Amino acid sequence: LSLIGSTTFLVYGLLIDSFPVALTNGVIMAINAVFLYRLFSHEAQFDVVEVDGGSKFLARYLEHNAADIETVWPGYRYAARPDQLRLVVFRDMVPAGVFIAGVDGTTARVEIDFAGRDYRDLRNARVLFGRGRSVLRDHGLDRVVTRADTSVHRQFLERVGFTPAGDEYALDID
């Protein structure tokens, strides 16, 4: 929006022959263009790391995001169990989200798949359920099943590749 505004005022400054208005907005326009170029040309580095059930880092991350988690996953309370797969998704070495699922044979039943507020752009999910599926396969999983409590969550799941399966959504990992 700032780029559009500065471009508009640059043209305005030129039309009224006001060099200071044109110059100022030309500089602002260039700064905006550089900022947008950097924003969209950056290729983020993703890592998916498994953590132990007693991880202090995981506990602190969940505690810090508890209010936000409650809006996305109402009633969720973390309790470590031996049958869980616990993954932290890092973007540029910053924790971007967590995935915790109970493992039943070759099926992962999602307990929480949460992305931090600044990382809800589908990129985490595309890494975990797309090109990063190898992490799930390495644990002997061939299917991920989750619930979808809201229409927004259902839309998210469908965009990532999940399909309706009764009252739940499922993703086959082949």
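Biologist: Which element gives the most to the lining of the largest pocket?

Modeller: Helix α5 does, with four residues. Keep in mind that this is a predicted model.

Biologist: What volume does the largest pocket have, and how many residues line it?

Modeller: The volume is about 520 Å³. The lining counts 24 residues, and those nearest the centre of the pocket are Val72, Asp113, Arg120, His153 and Phe156.

Biologist: Which elements each supply at least two residues of that lining?

Modeller: Helices α4, α5 (123-131) and α7 (151-160) do, together with strands β3 (94-104) and β4 (107-115).

Biologist: Let us move to single residues. Is aspartate 68 buried or exposed?

Modeller: Read the relative accessible area against the cut-offs: under 20% is buried, over 50% is exposed, and anything in between is partly exposed. Aspartate 68 has 11% relative accessibility, so it counts as buried. The residue lies in helix α4, which covers residues 66-72.

Biologist: Which residues is aspartate 68 in contact with, leaving aside its neighbours within four places in sequence?

Modeller: Phe114, Arg117 and Arg120.

Biologist: Which residues make the nonpolar surface patch?

Modeller: Phe9, Val11, Tyr12, Leu15 and Ile16 make a patch of about 520 Å². Take valine 11 as an example: it sits in helix α1 (residues 2-15), and its relative accessibility of 43% makes it partly exposed.

Biologist: Now the charges. How many salt bridges are there?

Modeller: The rule takes a side-chain nitrogen of Lys or Arg within 4 Å of a carboxyl oxygen of Asp or Glu, and the count comes to 10.

Biologist: With which residues does arginine 81 form a salt bridge?

Modeller: One partner is aspartate 83, where the closest N and O atoms are 3.0 Å apart. Another is glutamate 111, with the closest N and O atoms 2.5 Å apart. Arginine 81 is partly exposed at 34%, whereas glutamate 111 is buried at 17%.

Biologist: What is the distance between the closest N and O atoms of arginine 147 and aspartate 149?

Modeller: They are 2.7 Å apart, and the two residues form a salt bridge. Elsewhere, salt bridges that share partners join Asp68, Arg117 and Arg120 into one network.

Biologist: One item on the backbone. What is the phi of aspartate 92?

Modeller: About 50 degrees, a positive value although aspartate 92 is not a glycine. The residue is in the loop between β2 (84-91) and β3. Leucine 122 is another case, with a positive phi near 75 degrees. Leucine 122 lies in the loop between β4 and α5 and, at 12% relative accessibility, counts as buried, whereas aspartate 92 is partly exposed at 33%.

How values were computed:
Residues numbered from 1 in each chain as written. Predicted model: local features only at pLDDT ≥ 70, side-chain atom pairs only at ≥ 80, totals over all residues. Heavy atoms only, no water. Buried < 20%, exposed > 50% of the residue type's maximum accessible area, 1.4 Å probe, protein only. Contact = heavy atoms within 4.5 Å. Patch = residues over 30% accessible without salt bridge, like charges linked within 9 Å, V, L, I, M, F, W, Y side chains within 5 Å. Areas by Shrake-Rupley, 256 points an atom, 1.4 Å probe, with all protein chains shown as cover. 1 Å grid on protein atoms, 1.4 Å probe; cavity = no way out; pocket = protein on both sides within 12 Å on 5 of 7 lines; lining within 4 Å. Points joined across faces, edges and corners; volume = space filled by probe spheres on them.
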